[in-house]
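Look at the sequence and the 3D structure below.

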Amino acid sequence: MSRRPFIALLLGLALLLTALPLGAQTPDETTIVIAQTVDVGALEPALVNSRAESNIFNHMFATVYEISEQGTLEPHLANSYSISEDGTEWTFTLNEGLTCHDGEALTAEDVAYSFNRAKDPANAFTGNTSGFVFPSIGFIEARADSELEVTIVTDRPQSEAVRLGLISEVYVHCMDYYSSISLEEAAENPVGSGPYRFVEWIRDDYVLIEKVPGYTLRDPFFEKIYWRVIPEASTRTAELIAGNVDVIANVPPDQVDAINNSGTATVKAVQGTRRMYVGYQFGEAFANEPGAEAIAKTEVRVALQYAVDVPTICTQLLGTECERAASMVNPPNGNPALEPYPYDPAKAEELLDAAGYPRGENGVRFEITLQGPRGRYLNDANVVLAIGQYLSDVGVQTNVEILDWSSEYVPRIREKNVGPLFFLGTGGATWAALYDMADLSAPDAGTNYTNWNNAEWFELWDQTAGKSPEEERELINQMLEIMYNDPPWLFLYFQPDFYGVSNRLEWTPRRDEQIGVLSATLQ
C-alpha cells in the first residue's frame, strides 16, 4: 500500500474512533474482548446454527466429546465410550465430580435430558442439533443407565469419527434448571456446564461471560470474555488498532496493511474449512418464482458452474488465492478424480443454449433472484454482487438481494425460505469426508437448505452405515461424483479466514472458524 492511501485510511479510522463509546469492555490483564460481526439470536444453544453463536456457547456449555484446537476428537465430559454389538447404541462414561453452573451435580441424567430436550417436538428447536446432528446419526433417544453412564440410541451403525464429531456439537444442559423454567426464560438466562458462565447480554452490543471458579476440566487464563457485536469491518479494525478489542474476524483485504502497520495488532490468516456456495433452491414454495424452472434442470445448474470466475473473486475481493471447490468435502478428503469446473463463459453459454435457454432479443435467457447476507462472511455482499454480474454476463439476468444476516437471512435459511439462488457457507472439517457430507444426510434434513432430493445420493448415504473404511471410501467417491454431475450447489471455494489479533495476545486461529480462547494468554 502506498503511503497516501494508508494515511487516508488511518485518518478515516481515527474519525470512526471519535464516535465509539468506551465501555467497560476494554481489555485488561484479566479480560479478553472479541469482536464478531453479528449478535446471538437468543441464549439458547438448541437454536444455534451459526458460528458466531456457537463460539460463545462453546465456552459456556460443555459437550460429551469435543473437537480440539488441533482438529482432533477428544473426550471432555466423558472419559470413555463403548459401542453395542450392532453399532446402534453408544454408551459414554462421564467423569466424576462434574457440576452445573447453579451448583447441581452434572450426571448422566443431564446429558440424556439435553439430547431428548433438543429432539422434543414440543420445543420446536430449529438449531444445529435437531436440524443437522440428529438426522445425520439417526438419533432415536438418550437414556441414563447409571449416574455416570449415558447411552445414545440410534437407528444405524456409523463410523466412529463421524458420530463422535457430530455428538461433540450437542451442548449439555442442566436438567433441574431447564426443566423448571419456560423456553422463553431459558433463552434469556442460561445456566451452563462449561468453563465460563453467563453474566450479561446487551442486545446488539455484547455478551459477557466469566470464568467458573473451580471448574475441573479447564483452567483458562482470562477471567472475563466480552463478545462484542461490531458489524462494520472498518469499525472492527479501528477498535482493534485502538486496543479496545483483542480479536476481530473477517478482516477485509483493504485493511490488512493498516492492522499490520499499526504496531498494536497483526493479521493472522488460516485456510478455513467453510464451504462457500450458491445454493439452487428446489423447494415447492419457489416453483413459480422466475428462474426456478430453469435451475430445476441439471443441465442449467452444470452450465452455471462455468459462468463464475471464482479465482478472480478470490484475488480481487478476498485478497488471496482460494482453494477452489469441486465438491462439498474439504481437501484432501474429496474425490480425487473430480476437478473444479473452470471459468469458461463461452462453455456456459453453449450449455445454456443446449439446455433450451437461448438468449432472447434483449440478450436475456431468463431472470432469477440471488439472495445473500451482509457482514457474515468475508466481504460477502461484494462477492454476491460479483456472482450476480457473472451470471448476468452469460444472459441469466440476476437480481441481487442483500439481506441483514441476523434479522432477515438466518430466519429464511432456517425455514429453507431463501432463493431461488442463495449464497451461503456451511462448516466443514478435515477429519471425515462423511462429516462434510452430513449436511445432506436426508431429503428433509435441516441443513439440506436447497431441498435437493437425488435418490441415488440418499440411497448411497444409507449404505455407508457399518461399512469398512475402504468400502466407505468407495461410496463417498460415488456420491461426490453424483453431486458433481447433478449439483445442488454452484461450487465456489473453501473460505480463507483473516483474524486481526492484538499484539498483547498469544492466540492461534483454528481452521474450522471457531474462535476459542480457552488456551489464549497474554504475551
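Helix 11 (residues 298-305) and helix 13 (residues 345-354) pack at about 170°, and their axes are 8 Å apart. Axes are lines fitted to C-alpha atoms, for helices over the stretch in contact, and angles run from 0 to 180 degrees between N-to-C directions. Helix 11 makes the contact (heavy atoms within 4.5 Å) through Val-300, Val-302, Ala-303 and Leu-304. Helix 13 brings Ala-348, Leu-351 and Leu-352. By class, this contact has seven nonpolar, no polar and no charged residues. Here Ala, Val, Leu, Ile, Met, Phe, Trp, Tyr, Cys and Pro count as nonpolar, Asp, Glu, Lys and Arg as charged, and the others, Gly among them, as polar.

The model is predicted: local features need pLDDT of at least 70, side-chain atom pairs count only at pLDDT 80 or more, and totals for chains, interfaces and linings use all residues. Residues are numbered from 1 along each chain as its sequence is written, and side-chain values use heavy atoms, without hydrogens and water. Helices (H or I, at least four residues) and strands (E, at least two) are DSSP runs, numbered from the N terminus.

Now the strands. Strand 8 (residues 196-202) and strand 9 (residues 206-211) pair in the antiparallel sense over six bridges. Pairing takes at least two DSSP bridges between two strands. Glu-200 stands opposite Leu-208 in strand 9. Which residue of this hairpin takes a positive phi? Asp-204 does, near 60°, and three residues lie between the strands.

On a 1 Å grid over the protein atoms alone, a cavity is a set of points where a 1.4 Å probe fits but cannot get out, and a pocket is an open set with protein on both sides within 12 Å along at least five of seven lines; lining residues have an atom within 4 Å of a point. The structure holds five cavities of 30 Å³ or more.

| Space | Volume | Lining classes |
|---|---|---|
| Largest cavity | about 140 Å³ | five nonpolar, four polar, four charged |
| Second largest pocket | about 770 Å³ | 16 nonpolar, ten polar, twelve charged |

Each volume is the space filled by probe spheres set on the points, which are joined across faces, edges and corners. The largest cavity has 13 lining residues, and Gln-36 and Arg-376 are among those nearest its centre. Helix 15 gives the largest share of the second largest pocket's lining, five residues.
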